[in-house]
Structures are given as structure tokens and as C-alpha cells.
Amino acid sequence: MILATTLTGCASDTSIPSPAASAEPLSPYSAQQSVEQFAGIEYDYDPAASPSALADQSSLVVMATIDRVQEGRLKIVPKSPNEPGISTIVLVLRDTKPVRGDLPAGDDGLLYVELPNPGQQEAGAYDRGLRAGARVVAYLVPAGDGEPTDVVDFAIAEPDAGRPAGQALFITAGPQGLILQYENEAVVWPLIGEQRDGNLEDTLPGGQLIAS
């Protein structure tokens with residue numbers, strides 16, 4: 001089980017989300033921008049010792065390219081209707097190649113991955129660290145509908161939001177499950193704020209490059 005001190009949620013509009021524009025032109029990329037993108041989240045989890053071990057926790061492993069970041073869904077507490085919801089973002093991937101598992105049937109050529117939104121920022125605030133065109137390896141499991149349970153008292157306001165109607169939504173199989181590399185910069189695990197020298201391909205199952 002993975003626990004994060006910053007909870008996440010999703011946007012309530014069921015129409016196709018539009019990527020938010022950055023407030024100002026993007027500065028030249030550095031890996032540090034990706035390292036700092038999710039600062040403020042702390043996880044309680046058992047780190048995988050290798051990419052293969054992480055793949056064993058995943059239903060889908062892909063290589064892809066970042067297309068954009070857009071608004072996600074909204075997490076609410078039904079028992080406390082006056083509390084504000086907690087939003088997520090959705091990382092949209094293109095040129096997706098499955099390494100383990102199969103892409104969802106009926107996909108529109110893009111893959112939608114829900115991510116936390118520390119600070120409850122607009123989607124455009126992630127354009128620097130989740131730079132369009134960056135290559136990605138993602139270890140994924142299906143996103144749930146967020147129904148309350150005996151141990152979880154929050155719910156998803158509109159479970160189908162955050163992507164076009166009928167498209168599957170995924171989350172990472174733990175904080176190590178999203179890895180990116182932009183051009184020849186360092187390999188970055190943005191959710192845990194770590195970077196390593198090397199090649200993105202070495203983070204695939206069978207490789208030895210991993211951070212925790």
C-alpha cells in the first residue's frame with residue numbers, strides 16, 4: 001500500500017479537458033525542474049528494488065512521449081460537503097509502446113495518467129517539469145472510481161472526468177512508477193524528486209536503473 005501525505009483528486013467537468021497554457025514562456029529545460037515538480041509530497045511505501053520488481057506490481061508498462069498536462073478529477077469527502085475538493089492532473093502520453101501488458105481497447109491513440117497536484121495548481125504549472133516531448137517510462141495500474149470504503153472516506157466527484165468519454169485512466173504503480181528523460185538530460189523520477197545519470201531504456205524491466 002502507498003500512502004501520500006498530499007491527497008489527490010480530479011476535475012469535475014466531464015467534457016474533454018483542454019491543456020492549460022503556461023503563464024509565461026518556458027525557460028530552457030533542466031532536470032532539476034522535473035526533480036522539483038512534485039515537491040511537498042511524502043510517501044509511505046515499500047520501494048521496488050529493480051525495474052523488474054516494479055513491473056511485477058504493474059498491469060501495464062509503457063514507453064511513450066509526453067503530449068501535454070491537463071486538469072484531472074476532483075476528490076471530495078461526502079460526509080463533509082463544505083470541505084473543498086482536492087484536484088489532480090492528468091499526464092497525456094502519445095506514441096505509446098507497451099512493454100508489458102496491453103493498451104486498453106478502443107484507445108484514441110493517447111494514454112491518460114492521473115497524477116497528484118501538490119499545491120492545487122493549474123495544469124499549466126507542470127509544463128516545465130513534465131515537458132512536452134520528454135520520453136517517459138511508466139509503470140501503471142488502472143485508476144479506481146474512488147468509492148468510499150471502511151478505511152477511505154473520500155470519493156471521486158465525477159469518476160469519468162479528466163479524459164475524453166470512454167477512455168481508460170491509469171495511475172502509477174507507486175511513486176517510482178513515472179520516469180522521464182528530456183533530450184540528453186538526466187533520468188528523473190519526478191514523483192519522488194530523484195535523478196540519475198544514464199539512459200531511460202535502463203529503467204525498463206530487465207534494466208538496473210531505479211531510484212527510491
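Guide: A salt bridge is a side-chain nitrogen of Lys or Arg within 4 Å of a carboxyl oxygen of Asp or Glu. Here the side chains of Arg94 and Asp95 form one, with 2.7 Å from N to O. Please note that this is a predicted model, in which local features need pLDDT of at least 70 and side-chain atom pairs pLDDT 80 or more, whereas totals for chains, interfaces and linings use all residues. Residues are numbered from 1 along each chain as its sequence is written, and side-chain values use heavy atoms, without hydrogens and water.

Visitor: Which other residues join Arg94 and Asp95 in one network of salt bridges?

Guide: Asp67 and Arg68 do, through salt bridges that share partners. Arg94 meets Asp67 at 3.5 Å, N to O. Because Arg94 lies in strand S4 and Asp67 in strand S3, this pair ties together parts that are 27 residues apart in sequence. Asp67 also forms a salt bridge with Arg68, whose closest N and O atoms are 2.7 Å apart. In total the structure holds 6 salt bridges.

Visitor: Is Arg94 buried or partly exposed?

Guide: Buried means under 20% relative accessible area, exposed over 50%, and partly exposed in between (1.4 Å probe, protein chains only). Arg94 is partly exposed at 29%. Asp95, at 47%, counts as partly exposed, as do Asp67 at 25% and Arg68 at 22%.

Visitor: How should I read the strands that carry these residues?

Guide: Helices (H or I, at least four residues) and strands (E, at least two) are DSSP runs, numbered from the N terminus. Two strands pair if DSSP finds at least two bridges between them. S3 and S4 are antiparallel, with 11 bridges; Thr65 has Arg94 as its bridge partner in S4. S4 and S5 also run antiparallel, joined by 6 bridges, and Val92 has Tyr112 as its partner in S5.

Visitor: With which side chain does the side chain of Thr88 make a polar contact?

Guide: A polar contact is a pair of N or O atoms within 3.5 Å; within protein, one must be able to donate a hydrogen and the other to accept it, and residues adjacent in sequence count only if both atoms are side-chain atoms. The side chain of Thr88 contacts that of Glu114 at 3.0 Å. Thr88 belongs to strand S4 and is buried, with a relative accessible area of 3%.

Visitor: Which residues touch the most other members of the largest nonpolar core?

Guide: In soluble globular proteins, nonpolar side chains tend to be buried together. A nonpolar core is a set of buried Ala, Val, Leu, Ile, Met, Phe, Trp, Tyr and Cys residues joined through side-chain atoms within 4.5 Å. The largest one here has 30 residues, and Phe38, Ile66, Leu91, Leu93, Leu115, Leu130 and Leu140 touch the most other members. Elements that each supply at least two of its residues include helix H1 (31–35), strand S3 (60–76) and strand S4 (86–100). S3 gives the largest share, 5 residues. Another core lies apart from it, with 18 residues, among them Val137, Leu200, Leu204 and Leu209.
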